[in-house]
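Below is a short report on one structure. It goes from the ligand shell to the sheets and then to single residues.

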Amino acid sequence: MANEDGNMQSPWKTYYGPNFGYVQEQFEIYSADPEAVDAEFRTLFKDWGPPPMDVGTDHNHGLASSGTGSSASSGVVDLQLLQKAVTAGKLVQNIRRFGHLVADIDPLQLDVKTEESLLTPSKLGLSEQDLRAIPASIIWENADSQTMTGLDAIQRLRDIYTGPLAYEFNHIQDEEERNWLYQSIESGAQAAQLTSDERKSLLARLVEVEQFEQFLHKNFVGQKWFSIEGNDVLVPMLDKIIEIMAEAGSSHILMGMAHRGRLNVLAHVLGKPYGKIFSKFHQANNKDLVPSESSSGVNYGWTGDVKYHLGATRYVKKGEVVQAKITMANNPSHLEYVNPVVQGFARAAQDDRGQAGYPKQDVTKAATIIMHGDAAFPGEGIVAESLNLKSLKGYQNGGTIHIIVNNRIGFTTNSDASRSTMYSSDLAKGYEIPIIHVNADNPDACMAAIRLASEYRNKFNKDFLIDLIGYRRYGHNETDDPETTQPLVYSKVKNHPTVCELYAEVLVQSGAGEKELLTNLRNAAQNQLKQAYDEVKQGTVSHEEVHDKVDAGSTELQRPERLTNAQTAVPIEKLREINAELLKWPEGFKVYPKLQRILQRRQNALNEGEKVDWSLAETLAFATILADGKPIRMSGQDSQRATFAHRNLVLHDSETGDSYNVLHRLPQAKASFALYNSPLSEESVVGFEYGYNVYAPETLVIWEAQFGDFANCAQVLFDQFVSSGRSKWSQNSSLVMLLPHASEGQGPEHTSARLERFLQMCADDNWIVANLSSSAQYFHLLRRQAALTETDDARPLVLMSPKSLIRNPRVASPAKEFSEGSFHSVLEEPILGAAPDKVERILLCSGKIAIDLEEAIDKEKGEDWSWLHILRVEQLYPFPEQEIRRFLARFRNVKEIVWTQEEPKNMGAWTYMEPRLRDLLPAGVKLDYAGRPERSSPATGFQHVHVVEQQQILSKVLKQSSKKNIPLGR
Ligand SMILES: Cc1ncc(C[n+]2csc(CCOP(=O)(O)OP(=O)(O)O)c2C)c(N)n1
């Protein structure tokens, strides 16, 4: 050892932990009285001066033994101290990981929280003295300069992790993200105090929220609207996200939420005038909705919806410039089903579809905020299916901010009966979504949560979840008495001050606000509400100001002419040029040889005498639609290749595995073509594609089911959105749904898309339902659908798509039908009907059975079939009444019409067709049914039974009453 001028090591480096503290203590004594310390210390202090204060920063030496002699200078570790430091390090991790268990996140303090042993130093064998002896930076890498000792560090970390904000980040696998999250909260950046002015405006906003609810309670007794009270802070939280996101460049802000607090959010976040909201309570006459003399009793095609389901749009301006468009999606009662729809909105807003190739996505362009219920989030499977979209190439939207509006109850059901997880939010952990639980009675903490969530979303472009834990001040709705089922909770709620009262008190205590502030704010808010109310009552506001615009589109009962007039043929030269381009792939790209041979066969398909099959018809439709400048987006399970291996629009190099999208290099294409294999989900994907289409109505959006049978997994989306969205909310779409459907002996679950259910929902000109029998029909129908996008005539298209027919040569069409034809709602069987007067029986049918019939007849060419004719109803809805009438009029001697289908009698189109056909039946003509009998399951599981059943149907309709059996199926 030598002094600082010498070469020897500083003696201080051999003292650490409690020993170093002892040395410092000795120095203090020495400073007061040198004689009061041992001679050894006297010498030391004389030679080296005072020991430094910040020994703790010297991590490597902080734990070396203070032993004497050679062991001291050789840096031997004090094992006991080392053990303590390691335990203290674990304690830090425990606080980060389990701090939420004891955090102050429950406004009503319903659960008694017991101290966790993992978080208690003494239970881990650490005394305060031990912690004081450990330098903070050894156990906590984010310790600031104020935090000196381990004890300080633990105290600080407990404050951070067990206060009104609780964090769950440990499930984030990415190290950079995890570290960023911990660092962000431990640095206190987001928790930084609001200024006094900011806190006052926050209180003013909370008062508006509170008083709006109070006003409704007072003036609309007996009505329901699902008050926000108990989670009032949601409104200023949304204000804050919108502000941050708009500043960060989001010009679209897409929101989805259920009933709870929706009116308040509509009023305050979406700027829906109070008067409009009050008028819904008044049930005031909206003349568009009321039966009138000029209407047939009801407004055609418009049912409207209850007040707490309606969406809204607002433009946020900075000066005169529109900074962002905020959209609250229309929402059905079905909880959480709006989630994928909003995700689809966001992606549509982020995609630039103006050039060939995949759309160019800019995630800064749109921000997504989805609110959930605490019972619905863990309970409804659609939540998991929608979260699963978050990182998938075709669906991700750069991160959604989720807020669980947690009132700790679902209707009358407590959390312990509605989920098996500790928190409502636990599902999100599996998707590596960071989670904050925050006390809704602490507005400052709620703002900190928003800041962190938004910063994370914008930095990592991933989802974030805030579990906003409040309570529900009243029953499930305002007409419910919650005390019958939750007496204890509600005895607490009754005496619990409102968040305004709590926060006003905080402001008064901190000197940020004067005592009368709350009363003044409440009075001002009440005055504003009263004024709006009086204006509505006195009728001094215009109809437009009070009522939502009803846009039910066309009021005509049918629009068949506009549909049939759609120009969908494409000149043959153009088709040939495009077809040639489709067979060019990049230099050196090695297409799988078997597939190459299949594709090469398409080369001559447009020549005289050749035919275009289903698959090429689809590709040509897509290519020509792109050439017309319409973007296309398609997704479904395995849709790139297609379930039946017919599409193959994404090719894979057989040597490198590189992929190449055939329509991306098409020189004629003027718009984007997105084709994605979807995850194995129906409801989230249908919801997403529907949302995409609603928000990007110029795009031809297609969803393809693996088999139509699985479409019913998305039943809610068909019922609540696709079929009825226009009628309830004036929300139109042109979504195409391809649903493989046909009886082919593949068993009960690879047969039926449940055509009957789609037909049952047909009304008010709500969508198109079709089942086709030729590739040219498919080409024209797709092109018509594309042409109608964005027009008043746009409607969703439900297409029973083919399976075996894809490769059936009878379905392939000659080039002429593409270059000259158009879509026909009804087709005549080409090999029959040459002598109309001889026809006695007409079979009406749709889809594959038409081809089965043609094959059966063709096999018996020698027979006299002049007594028979077949009409294929290609478009089932809108019902082609005029076309069918026109056809029937040609056959004057017809005696019977037989609706022929392969589905059971209680399924397929029969129950839909029967009354409609009866209405147009010529006098004296009988209507009959041929098909399977009523069944509870759509199809047999045995192939041989299927064959027999199919033959029975054909035999029945192809046997002329007076003649022998036709030996079918040889
Ligand atoms: C899919 C679905 N099932 C059932 C209901 C009926 N329902 C309406 S609100 C509600 C309770 C929802 O609880 P929670 O998610 O906690 O939201 P809160 O109403 O408490 O805000 C139920 C069961 C519904 N609307 N949707």
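## Ligand shell

The ligand is surrounded by 15 residues, and the closest are Arg260, Gly373, Ala375, Ala376 and Gly410. A residue is near a molecule or strand here if its C-beta atom, placed from the backbone, lies within 6 Å of it. By class, this shell has six nonpolar, six polar and three charged residues. Nonpolar covers Ala, Val, Leu, Ile, Met, Phe, Trp, Tyr, Cys and Pro, charged covers Asp, Glu, Lys and Arg, and the others, Gly among them, count as polar.

## Model and confidence

This is a predicted model: local features need pLDDT of at least 70, side-chain atom pairs count only at pLDDT 80 or more, and totals for chains, interfaces and linings use all residues. Residues are numbered from 1 along each chain as its sequence is written.

The protein chain has a mean pLDDT (the predictor's confidence in each residue, from 0 to 100) of 90, and 90% of its residues reach 70 or more. Over residues 1–8 the pLDDT stays under 50, and the model has seven contacts for them beyond four places in sequence. Residues 552–557 also have pLDDT below 50, with twelve contacts in the model beyond near neighbours in sequence. Two residues are in contact if their C-beta atoms, placed from the backbone, lie within 7 Å.

## Overall content

The protein chain has 35 helices and 26 strands. Helices (H or I, at least four residues) and strands (E, at least two) are DSSP runs, numbered from the N terminus. Of the 970 residues of the protein chain, 47% count as buried. Buried means that 20 or more other C-beta atoms lie within 10 Å of a residue's own, exposed that 12 or fewer do, and partly exposed is in between, with C-beta atoms placed from the backbone. Among contacts with a separation of 6 or more in the protein chain, 78% are between residues 24 or more positions apart.

Eight strands form an open sheet with mixed pairing, in the order 1-11-12-8-7-2-4-3. Strand 1 and strand 3 (312–318) are its edge strands, each pairing on one side only. On average, neighbouring strands of this sheet are turned by 20 degrees against each other, direction ignored. Two strands pair if DSSP finds at least two bridges between them. Axes are lines fitted to C-alpha atoms, for helices over the stretch in contact, and angles run from 0 to 180 degrees between N-to-C directions. Helix 10 (residues 234–247) lies across several strands, including strand 2 (252–256), strand 7 (366–373) and strand 8 (400–406), and runs at about 175 degrees to strand 8.

Strand 11 (residues 435–439) is mostly covered, with five of its five residues buried. Ile435, His437 and Asn439 are on one side of strand 11 and Ile436 and Val438 on the other. Strand 1 (residues 165–168) runs antiparallel to strand 11 and is joined to strand 11 by four bridges; Glu168 has Ile435 as its bridge partner there. With strand 12 (residues 464–469), strand 11 pairs in the parallel sense over five bridges. In strand 12, Ile466 is the bridge partner of Ile436, and Asp467 is that of His437.

Strand 22 (residues 841–845) and strand 25 (residues 896–904) run parallel and are joined by four bridges. Trp899 in strand 25 is the bridge partner of Leu844.

## Individual residues

Val92 is found in helix 4 (residues 79–98) and is buried, with 22 other C-beta atoms within 10 Å. Leaving aside neighbours within four places in sequence, Val92 is in contact with Ile139, Trp140, Ala153 and Leu157. Ile139 is 47 residues from Val92 along the chain, and their C-alpha atoms are separated by 7.0 Å.

The peptide bond from Tyr877 to Pro878 is cis, with omega near -10 degrees. Pro878 is in the loop between strand 24 (875–877) and helix 33. Phe226, not a glycine, has a positive phi of about 65 degrees and is partly exposed, with 18 other C-beta atoms within 10 Å.
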